[in-house]
Amino acid sequence: IVASPGLAPCRRRPLSSNVRRHKRTVMPLNPREVKVGAVAYLDYVALREDPLVDDGGTNINRDGPFLCVQVVGDRSCWIPLTTQARPERLLIDKKWRQGGSAKFRATDLYLNDGLNTFVGPTTSFVAAGKDEIAFSAFPRPSVRSAGVSAVIAEINKQGGPLARATDADTQ
């Protein structure tokens, strides 16, 4: 692509040369951010292949936003969210959301399925969030306690597993 003939001769170079190349910056999920209500964009393959993570045989096949619903000692429980509506899916009400981008706060989000929890060492979730795009313009997205309570009620209703304390957590 070249500049149009009406522009000054010095502008006869490809317009793409005017585009600044940005290095992709990442802000991986860090252990301090793992708390109930945090939303992180996790790599589902990393979670499904991690022998320490119980994915309950889920059929989740995409990276995307996961909501932390429980932290017990060094273990946590995360559940995927989706923008795909279905009558049986719990809507993550906009009034429950905080932080994140305007898109996160405005787009309809749903609990994927109350059975699709991922439970394991918090370090596994931190590793699965290592390629997250930076949250430099806004704080990490999260869901308020009322929303997390609604999600946990849905998990319990559907029989999804939650984190349990290990022997090391109780000593």
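1. Strand 2 and strand 3 form a hairpin that leaves 2 residues between them, and Gly 73, which lies in this turn, has a positive phi of about 60°. Strands here are DSSP runs of E with at least two residues, helices are runs of H or I with at least four residues, and both are numbered from the N terminus.

2. A word on the basis of these remarks: this is a predicted model, in which local features need pLDDT of at least 70 and side-chain atom pairs count only at pLDDT 80 or more, while totals for chains, interfaces and linings use all residues. Residues are numbered from 1 along each chain as its sequence is written, and side-chain values use heavy atoms, with hydrogens and water left out.

3. Strand 2 (residues 64–72) pairs on two sides of the description, if pairing is taken to need at least two bridges found by DSSP between two strands. With strand 3 (residues 75–82) it runs antiparallel, joined by 6 bridges, and the bridge partner of Phe 66 in strand 3 is Pro 80. Strand 1 (residues 39–42) also pairs with strand 2 in the antiparallel sense, over 4 bridges, and there Val 39 has Leu 67 of strand 2 as its bridge partner.

4. Strand 2 is also mostly covered, since 7 of its 9 residues are buried, where buried means under 20% relative accessible area, exposed means over 50%, and partly exposed lies in between (1.4 Å probe, protein chains only).

5. The largest nonpolar core has 18 residues, of which Leu 67, Val 69, Ile 79, Ile 92, Val 143 and Val 151 touch the most other members. Such a core is a set of buried Ala, Val, Leu, Ile, Met, Phe, Trp, Tyr and Cys residues joined through side-chain atoms within 4.5 Å. Strand 2, strand 3 and helix 4 (145–158) are the elements that give two or more residues to this core. Val 151 touches Leu 67, Val 69, Ile 79, Leu 90, Ile 92 and Leu 111 when residues up to four places away in sequence are not counted, contact meaning heavy atoms within 4.5 Å. A second, separate core of 16 residues includes Leu 29, Ala 40, Tyr 44 and Trp 78.

6. A search of the whole structure finds 0 disulfides, a disulfide being a pair of cysteine sulfur atoms within 2.5 Å. Cys 68 is in no disulfide, and its nearest cysteine sulfur, that of Cys 77, is 7.6 Å away. Cys 68 is buried, with a relative accessible area of 0%, and Cys 77 is likewise buried, at 0%.

7. The search of the whole structure finds 6 salt bridges, each defined as a side-chain nitrogen of Lys or Arg within 4 Å of a carboxyl oxygen of Asp or Glu. One of them joins the side chains of Arg 48 and Asp 55 (3.6 Å, N to O); Arg 48 counts as partly exposed at 36% relative accessibility, whereas Asp 55 is buried, with a relative accessible area of 13%. Another joins Glu 88 and Arg 86 (3.8 Å, N to O), and Arg 86 is partly exposed at 46% relative accessibility.

8. Asp 108 and Lys 94 deserve a separate entry: they form a salt bridge whose closest N and O atoms are 2.6 Å apart. This pair links distant parts of the chain, 14 residues apart, with Asp 108 in the loop between helix 2 (102–106) and strand 5 (110–111) and Lys 94 in the loop between strand 3 and strand 4 (97–98). Asp 108 counts as partly exposed at 34% relative accessibility, and Lys 94 is partly exposed with a relative accessible area of 38%.
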